[in-house]
Amino acid sequence: MNGLEPLVIVEDLKIEFTTRRGIIKAIQGVNLTIYKGETVGIVGETGSGKSVTSLAIMGLLDKNGKMTSGKITYKGKVIATPEDQPMGKKPPPELAMIFQFPRSALNPIRPIGTQVVDVLKTMENMSQEHYKEKAIQLLEEVQISDAARRYFSYPFELSGGVCQRVLIAMALARKPTLLFADEPTTGLDVITQEGIMALVEHQIATRNMATVLITHNLGLAAKYCKRIAVMYQGQLVEVGDTEQIFYEPKHPYTVVLVASTPARMNDFVELSAALEQWNKFKAEQMPTEKGY
Amino acid sequence: MKEFLSHAKYVIKQNKITSGAFIVFFLIIIIGIFGPMIAPYDPLATDTTKTFLPPCSEHWCGTDHVGRDIFSRIVVATQLDLKIAVLAVMISIFFGTIVGCLAGYFGGWTDRIASRIVDTIMAFPLFVLAMGIVAALGNTVENIIYATAIINFPFYVRVSRAEVNVRRDMEYVKAARISGNSEIRLIFAHILPNILPPMMVQFSLNLGWAILNAAGLSFIGLGVRPPTAEWGIMVAEGVTYIVSGEWWISLFPGLVLAFTVLTFNFLGDGLRDIIDPRERT
Amino acid sequence: MEEILKVTSLSKSFPMEKDHSITIKRLIEPKEWFKKNEEFYAVRNVSFSLREGDCIGLVGETGAGKTTTCLTIARLLEANSGQIFYKGHEISGIRPREFANHELRPSLQMIFQDPTEALNPAYTAFKTIANPLIHLLKMKDKKAIRKKVTELADMAYFPVKLLDRYPHQLSGGEKARVGIARAFATKPDLILLDEPTSALDVSVQGGVLILLEKLRKELNITYLFVSHDLSVVRLMCTRVMIMLQGEIVEEGTVEQVFNNPKHKHTQDLIRSIPNIGRRDES
């Protein structure tokens, strides 16, 4: 990307998980650069490794995950290598993340306002009053109406959409330069989804924040991202501008994803052809793929 | 099935106590089956010249007040105690599961009646209830089995009722109904196979408790009568002699009893580890 | 083409959970004792009809009442009021337990939303598919059953060698195909599809939709296709009904609804479809 600074550089990342069934190679050599201020989508299905990649950058990898090779750099500083594993560390403060299923990401027995305050407390020292004020301010910023009163609400009293806004408020409390959004709208009503994404877009514009939208929904990524990275079973199969991915997809898997987007389909002719190509490609070039 | 066995082996190996429990369990079963054949002496043979012998090379656990070899009696008693416990728990599971499934699936009055019966049984201290049942029905081994079955019944009703309740509205049950299955088939051919794993775990946990129960009843004189060899009654017979110094008559049967119950408890824990899906990757 | 399904004024409600503050109130005010529990109406006064061979879409968000409508038509739930005419017979009066034995059961089948939950974890794929053959078609001969199950598996592009596997050993797409093979086992005339692909990965969805379309055309089956995704419905169906809070707020042909949506909810739904250039619009 011309003129934009790289924020996070992931080089040849390989991550393995140790499980009872043996070693799972979750990420197999991913190279990705995230630039300042850009909105990039990581699109993939179950098992593609899209979530694991971002968790590794945030340092939130599971205990039984291990980085076996590669390097992750943030703002020029190396933050993860096989010798310095990305887990159990506090994520760099300018990185934030929001998740799928917002209600379960919140502590069910504490008022949401106090949870926002928790995040503020890790950032800077203020008086108790000040924390509360700032928290209410943040809740207003994410367009939660009647924020002063809602400060005391519990997650179960709020709709999924509002819970997600609270999570966004908590993320913004970290004054992030980079926000990871892992399936932030899956499971929400279509109309609520629009509202959430509009809010995220607004925040991106005002704060010049880079955003990584992780999703299985290519259509969603197309709508909000300028660049899209496609992952399949731990590998990055294609990266490019959204237009190019959609109108000139190169990798057979990308072709299938594009052709499978119902919003794009008139009939099944294109999709059938794409599936055939992809099955052929899989058989020839990815024979190590497991049966199921 | 193969996958299950390899998973089972993995879980067992992980925990030394569980592996130990499994090995001892098999040993107990073998002794239970072959007991009478491997006992060195006739458990009922008395010998007034050899009474109160302490543990020695000919009588590993000594002899009792009428000269019977305690070791042989312990070995033979294994079969009886296991038999009582297994039969009692099996009767309990059979009826408890049926009632629990029906209560959990149909709800309403079926559930209310079943739950009240269960509550009534559980209102009593269970051992006292067992005593009462045996005393009322008559002092036989058969009645110990029935009494133990009755006091374990509530437990299985509750477990199966809860498990069925959770699964009753699942989509595969709806799908089975669309496939033409009657209500009874839905409960017993579709839901029941799925609740068997947790029930199996309860079964083994219960077994230890049932043995203890049977031994306890015999200890206070209900159920098993002399000269039958049974762990509880053997402990009872030796109680009067502890003070005068013949400690081995009570101790050895008591130790074996405790050890067996412990084994079943560890076994139950191990089974639960194997079967609980959360342990599986 | 004949009318195969006609639904008139269908309503279904569920009792709402008691509000506990009202319960305390009930203790002190006798007239509260006789108030009934409030009911939540999942389906309100729904009417529509399907012709043979149609593929009609039923679209709405979660909680709109689409699944409840399906379950009621499939005779898995009892309606509060309204009539359901299937092939001329009034079936809304038949209770779910009795319908399992009814002569029309084999011809009215359903495909469920979550392929994982829709399969019995203790049954192999074979047993699941064979179930309706045994209980609805009353097939007894083991060889005949095996042959038919293999045929059905082939039809659903489900690998025959996987028939002895359990659901947890199958992928999402494979489980969906087992569900499809099971639904088609009795050669039904009407199939209700409750979001058959929502729980599947995108690249797998396409294959399943292709299969469903192929089977519908080949076997001349009528579909009621429920989905929250308007684009999928546009692809598969000729007519579509939009549901909001238990009521049908708009219906028409796919072209009518997409090019000229009248109700605000429909307009909202259409607006949220990503505009990524359909082939015929570029």
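This is a predicted model: local features need pLDDT of at least 70, side-chain atom pairs count only at pLDDT 80 or more; totals for chains, interfaces and linings use all residues.
A salt bridge here is a side-chain nitrogen of Lys or Arg within 4 Å of a carboxyl oxygen of Asp or Glu. Residues are numbered from 1 along each chain as its sequence is written, chains are lettered from A in the order in which they are written, and side-chain values use heavy atoms, leaving out hydrogens and water.

**Salt bridges within chains**

- R161(B) sits in helix α6 (residues 141-167) of chain B and D111(B) in helix α4 (residues 108-123) of chain B, so their bridge ties together parts 50 residues apart in sequence. (Helices, H or I with at least four residues, and strands, E with at least two, are DSSP runs numbered from the N terminus.)
- D111(B) counts as buried at 14% relative accessibility, whereas R161(B) is partly exposed at 27%. (Buried means under 20% relative accessible area, exposed over 50%, partly exposed in between, with a 1.4 Å probe and protein chains only.)
- R158(B) also pairs up, with D119(B), at 3.2 Å between the closest N and O atoms.
- In helix α8 of chain C, R216(C) and E213(C) lie three residues apart, about one turn of the helix; they form a salt bridge at 3.7 Å, and both are buried.

**Where chain C meets chain A**

- On chain C, 32 residues are in contact with 31 residues of chain A (contact means heavy atoms within 4.5 Å).
- Together the two chains bury about 2,800 Å², 60% of it on carbon and sulfur atoms. (Buried area is the accessible area, 1.4 Å probe, that two parts lose on being put together, summed over both.)
- Between these chains the count is one salt bridge: R271(C) meets E194(A) at 3.5 Å, N to O.
- A network of salt bridges links E194(A), K223(A), K264(C), D268(C) and R271(C).

**Strands and a tucked-in helix**

- In chain C, strands β3 (residues 55-59) and β9 (residues 239-244) run parallel, joined by four bridges. (Two strands pair if DSSP finds at least two bridges between them.)
- β9(C) also pairs with β10(C) (residues 247-253), antiparallel, over six bridges.
- Over in chain A, eight of the nine residues of helix α10 (residues 252-260) are buried, so this helix is largely enclosed by the rest of the structure.
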